[in-house]
Amino acid sequence: MDTAAQLIFGVGALLLVSVLASRITDRLGAPLLLVFLVIGMLLGEDGPGGIVFNDIDGAFVLASLALAVILFDGGLRTPRAIFRLGLQPAVALATVGVVVTATITGAAAMWIFDVGPMVGLMIGAIVGSTDAAAVFYLLHAHGLEINERLRATLEIESGSNDPMAVFLTLAVIELLRVPGAAGGWEMLAWFLWQFAGGAVFGVVAGLAIAALVNRVSLTESFYPILVLASGLAVFGLAGSLGSSGFLAAYVAGVVAGNRMRRSRHEVRRFHDGMAWLSQVGLFLMLGLLVTPSELIPVALPSLALAGVLILVARPLAVGISLLPFRFNLREQAFISWVGLRGAVPIVLGLYPLLAGIAESRTAFNIAFFVVLISLLIQGWTVAPAARRLGLQLPSRAIGRRLMELDAPGLQGRELVVYRVMPAAPAVGFEVRNLPLPADVRLMTVVRDEEPLAFPESEILAARDHVYLLVWPAELPELEHLFGVEPAAGPRPEGFYGTFTLRGDARLVDVLSLYGVEPPAVDADRTLDQFLRARFGRRVAVGDRAHLGRVDLIVREVEAGRVVEVGLRFRDDYDSET
């Protein structure tokens, strides 16, 4: 077998193992990215693979390319509505939070590793930002449902905190190379261009990408490639102009993904696959790049530094950053715990190597070890942490969503199939008389793997498959009609409490039933008005207001208004958690 064939076989085998590993890790609850990192280490020079890979420049280029794809994909699947929920707290975490984390961690690094202030701060800056690849994957893995504001804050933070980390890392490296090289005003201008330039460039580029896709007629299979090429061009051009390519790629993905009208489903599916492939390649390569035997001397002190980062620096940074926002202690604890480190700190660890800093190899090994600990401890426990803190929402029981349609006149609708359960209310109805919402259209009914010729005249039976054209807002009503089995997660009645109340009920009337005195300023407000005043424009399903012995929990939000509220006694909640 010649070299080319061996290389192709090796790549194919690695991808095959990676796909199968995803199934195993889903069952074990292990972070998949950690598996790729370990596989890369086993293939490296200290492992059975024996592959020697020391090309820092090549690794930096490939890692930047992979991160561009991952961030662009994260933006493409980010709904515009979440920015109303999480933009302000996410920006605070991406700026103030990174600075606080880097400062505290840097001070700890000075003491633990007995290095100078600038080297300590460099180490703190390298590990100061959360990682988009790790956060995006873990928040979407295992069907984890959490408060929309929490999810929005974490996703936007991970997609936008790279400029601050890059700025701090490069600034410290420059000061190590040439002490006093740049003044304060020059540093400030550089940072503003990194952050503001990347954001503005991303918006403009996203608008251009969406306009190009919507107006240019191509073969359907070309649109995903066109969008991918545009995203990479955005990253490269923004970086070449001195602004943040990472932020520009993420923002461009958000803008383009929310404005594209053509081939959205194909584009998102293609980019999901490309992002997964990029994550696999990135973590395998980073695992190859490290030399495990070099980690041994820094293992124990790096473990101590990881403990400071996870248990001290990140929680303090979250607490300070979120002071102006209405996050309770449980939510702040979860945001702190999901401050995962991943590929970005390792890539930032390449910067000192490229710059020839004396302590660069040690800083890289420390960053790598901290990432290992973060993925192993935090990555493995994200879902249990959400459950333990009472933040996991009941999963919506939905039928199998086949596709989102973007054909003329059908944009925004989805083709959904439901398997009719034996105890479903729909069983026994003549199909033409099913109590479907007015805008739902029946496509066909499949029985014993054969579409019925005239489904309207048939009596619906258990185990039939019903294909419908629906708006997403109509799914909950259909779930009840067809008796869809609930997904994993807490039961709705357990999470939202004993009673479900209308949003237009008066607060004083509700609380008087349970002997709770309402706040004087809120007494005459409805539950909707009270909760929107409490949480502002960022009110989201799962938000919880404590009033005496009861909790009011937002159960359903429509067009920014609270339409359903759960009432739960706090004694019950405390006994379960």
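Modeller: Here are some questions and answers about this predicted model.

Biologist: Why is F530 called buried?

Modeller: Buried means under 20% relative accessible area. F530 has a relative accessible area of 1%, so it counts as buried. This residue is found in helix α23, residues 527-535.

Biologist: Which residues is F530 in contact with, leaving aside its neighbours within four places in sequence?

Modeller: They are L507, D522, R525, A545, L547 and L552. Contact here means heavy atoms within 4.5 Å.

Biologist: Now to the loops. What makes D114 exposed?

Modeller: The word exposed is used over 50%. D114 has 71% relative accessibility, so it counts as exposed. You will find D114 in the loop between α4 and α5, with phi near 55 degrees, a positive value in a residue other than glycine.

Biologist: And how do you know that D448 is exposed?

Modeller: By the cut-off of over 50%: D448 is at 70% relative accessibility, and therefore counts as exposed. D448 sits in the loop between β3 and β4, and its phi is near 55 degrees, also a positive value.

Biologist: What kinds of residues make up the lining of the second largest pocket?

Modeller: The lining divides into 20 nonpolar, 7 polar and no charged residues. Helix α12 gives the most, with 9 residues. Of the 27 lining residues, V280, G281, L282, L284 and M285 lie nearest the centre of the pocket, which has a volume of about 720 Å³.

Notes: Residues are numbered from 1 along each chain as its sequence is written. This is a predicted model: local features need pLDDT of at least 70, side-chain atom pairs count only at pLDDT 80 or more; totals for chains, interfaces and linings use all residues. Side-chain values use heavy atoms; hydrogens and water are left out. Helices (H or I, at least four residues) and strands (E, at least two) are DSSP runs, numbered from the N terminus. Buried means under 20% relative accessible area, exposed over 50%, partly exposed in between (1.4 Å probe, protein chains only). On a 1 Å grid over the protein atoms alone, a cavity is a set of points where a 1.4 Å probe fits but cannot get out, and a pocket is an open set with protein on both sides within 12 Å along at least five of seven lines; lining residues have an atom within 4 Å of a point. Grid points are joined across faces, edges and corners, and a volume is the space filled by probe spheres set on the points. Ala, Val, Leu, Ile, Met, Phe, Trp, Tyr, Cys and Pro count as nonpolar, Asp, Glu, Lys and Arg as charged, and the others, Gly among them, as polar.
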